[in-house]
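Subject: Model for you, plus some notes

Hi,

Here is the structure I promised to pass on. Have a look at it first, and my notes follow below.

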There are 2 protein chains.
Amino acid sequence: MKSPHAIVQPWLLSHPVPSASINKLPVMVNACTGKMGKAVIETAEINGLYVVPVSFSSEGRCGGDTYLTYPLSGKEFLVFGPSSNRKKILKTIFHHFPDLIVVDFTVPSAVNANAELYSKVRVPFVMGTNGGNRDMLFTNARDSDVYALISPQMNKKIAAFCGAVIMVAEKFPESFSGYSLSAVESRPAIDVGVSETTKCLIPSFKKLMGVDFDVDKVKSVRDPKSQREAIGVPEKHLSAHACRSFTLLSPDLTAKFQFQHFVYGTSEYAEGAAAAVHYLHSKVYLRDAKKVYTFFDALLRH
Amino acid sequence: MKSPHAIVQPWLLSHPVPSASINKLPVMVNACTGKMGKAVIETAEINGLYVVPVSFSSEGRCGGDTYLTYPLSGKEFLVFGPSSNRKKILKTIFHHFPDLIVVDFTVPSAVNANAELYSKVRVPFVMGTNGGNRDMLFTNARDSDVYALISPQMNKKIAAFCGAVIMVAEKFPESFSGYSLSAVESRPAIDVGVSETTKCLIPSFKKLMGVDFDVDKVKSVRDPKSQREAIGVPEKHLSAHACRSFTLLSPDLTAKFQFQHFVYGTSEYAEGAAAAVHYLHSKVYLRDAKKVYTFFDALLRH
């Protein structure tokens, strides 16, 4: 069997960057076969990115083969499965595109291994994937001295919504003391467990109320029937939506405060990922001393 | 007719501070005959305040008389109407209670004249009343070098809610660019015009969206039938409630962010007013260089 280098190198040479994309920032999107990967690829060009036609698939879509080709957004992608020598492949691509930034929207089980791979090759990466061991993810990125932007939430509006809750808890702790919280979220059925975004808000609500609130108490709706009927998610958005509702209720029930969002589709996440790539690139370009960022950093720049 | 001093002085002497209240901070609540005045008086004792049994009424409840007595919360109040010599009366009370702080929950038309009176006598005051000329109110208070806390919103939770909106707009301006806003508020029928609290949030929403939004576009519900049916305000709270709902909608209608509160009754405002009195007293006691505060200052202390 051919070495990865012997496969990737001629592929890149036979797929030269079209003249219209020459000054665009090169990105490799993993996994291109997934919903978010597709969305990022589809919005990349209008956001000043050039998508390298190679991708790693974490979804076992490559079956027993080590690679296959996959058509998407007007180009053909060379997709490598989990059993290929990804380190060599990534090195080859990075050598070909020295400004490369990897965007990862794979699956929770792949988060830590993928980040480790990017770190070893020293390629800057944007990790948009939820789950995995988050502490390990940040620690490893910092230790390896690679440029990385790590955030399971790349929707600028949802991030700002989270920012509001985090800031108000910071500024006015216990201002809702005595109140009780009810938290409901709805995410696609495949997104098991309480989402990272909701989890990241719980400490702030606890701070606002000055009492404990277990993450287990979050009502995590994952059943399409309830999503349609109780939350009102349109049928066509059952596979891509994020709804969250947080209600603070006074002990005597005479006061209720509610913060909620209903977001359908993937376009705003893809836009956010593209913005994250540009932000991270600016840090690489300036050789910034800080190397690991979150999406909040990118938002606060503006 | 007797001079105000000749009326107030013996009244205060014949109503000595009960031993249980001796170490409490003295407050004069204007107008004691109003809903908020009553609420503040009723919650004062448990909040470490002693309510001086004299009040100014701005509601014309004194009719042609210059004063009357009014029973409230277990004591008898001497209430002076708008035509009495309030400056002399206030001076007498302030002389009797050198730690006095005035709490004003009167009517918008009285705001500026009342604040001017307190400033002239140099008695620290908490202005909880909505309306009036706010610029003039702040400017005059600053110019007269009196200690004052001025805020039309003394509900700690609503203030924190406002804080969240103000901070998120400050940190993430234009993060909702392209979105549209709909704003609905419901306040008691007598509270004409868009409330100060809603008005104070509009610039932040404009900043978040990066576009203009005219205050006239706020749907100000003041009709009890709509309040009951469309907003869901319980019958018994029609005369004392504050509901606000702000909805940000994406241009393609696939994303909606909602911030809302439903607050019934006056107790949390009264608690907030008591907290404001304590806060202002601490500033007077410490002879703080800053003299004019808002409710946010009091909240941020904690």
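Let's start with S175(A), which counts as buried because its relative accessibility is 3% (buried is under 20% relative accessible area, exposed over 50%, partly exposed in between, with a 1.4 Å probe and protein chains only). Before going on, the ground rules: this is a predicted model, where local features need pLDDT of at least 70, side-chain atom pairs count only at pLDDT 80 or more, and totals for chains, interfaces and linings use all residues. Residues are numbered from 1 along each chain as its sequence is written, chains are lettered from A and ligands numbered from 1 in the order in which they are written, and side-chain values use heavy atoms, with hydrogens and water left out.

S175(A) sits in the loop between α6 (156–171) and β9 (180–186) of chain A; helices (H or I, at least four residues) and strands (E, at least two) are DSSP runs, numbered from the N terminus. Leaving aside residues up to four places away in sequence, S175(A) touches L208(A), K156(B), K157(B) and A160(B) (contact means heavy atoms within 4.5 Å).

Now the two α6 helices. The axes of α6(A) and α6(B) (residues 156–171) come within 8 Å and cross at roughly 125°; axes are lines fitted to C-alpha atoms, for helices over the stretch in contact, and angles run from 0 to 180 degrees between N-to-C directions. α6(A) and α6(B) are therefore oblique to each other (under 35 degrees is roughly parallel, over 145 roughly antiparallel, 65 to 115 roughly perpendicular, the rest oblique). On α6(A) the contact uses A160(A), A164(A), M167(A), V168(A) and K171(A), and on α6(B) A160(B), A164(B), M167(B), V168(B) and K171(B).

Within chain B, helix α2 (residues 35–44) packs on helix α9 (residues 267–285) at about 65°, with the axes 8 Å apart. That makes α2(B) roughly perpendicular to α9(B). M36(B), A39(B), V40(B) and T43(B) of α2(B) meet Y269(B), A270(B), E271(B) and A273(B) of α9(B).

Last one: which residues of α1(B) are buried? In this helix (residues 4–14), they are P4(B), I7(B), V8(B), W11(B) and L12(B). They lie on the same side of α1(B), because they cover an arc of only 115° around the axis (taken from the directions from the helix axis to the C-beta atoms). The buried residues of α1(B) pack against β3 (54–56), β4 (67–72), β5 (75–80) and α3 (86–96) of chain B.

Cheers
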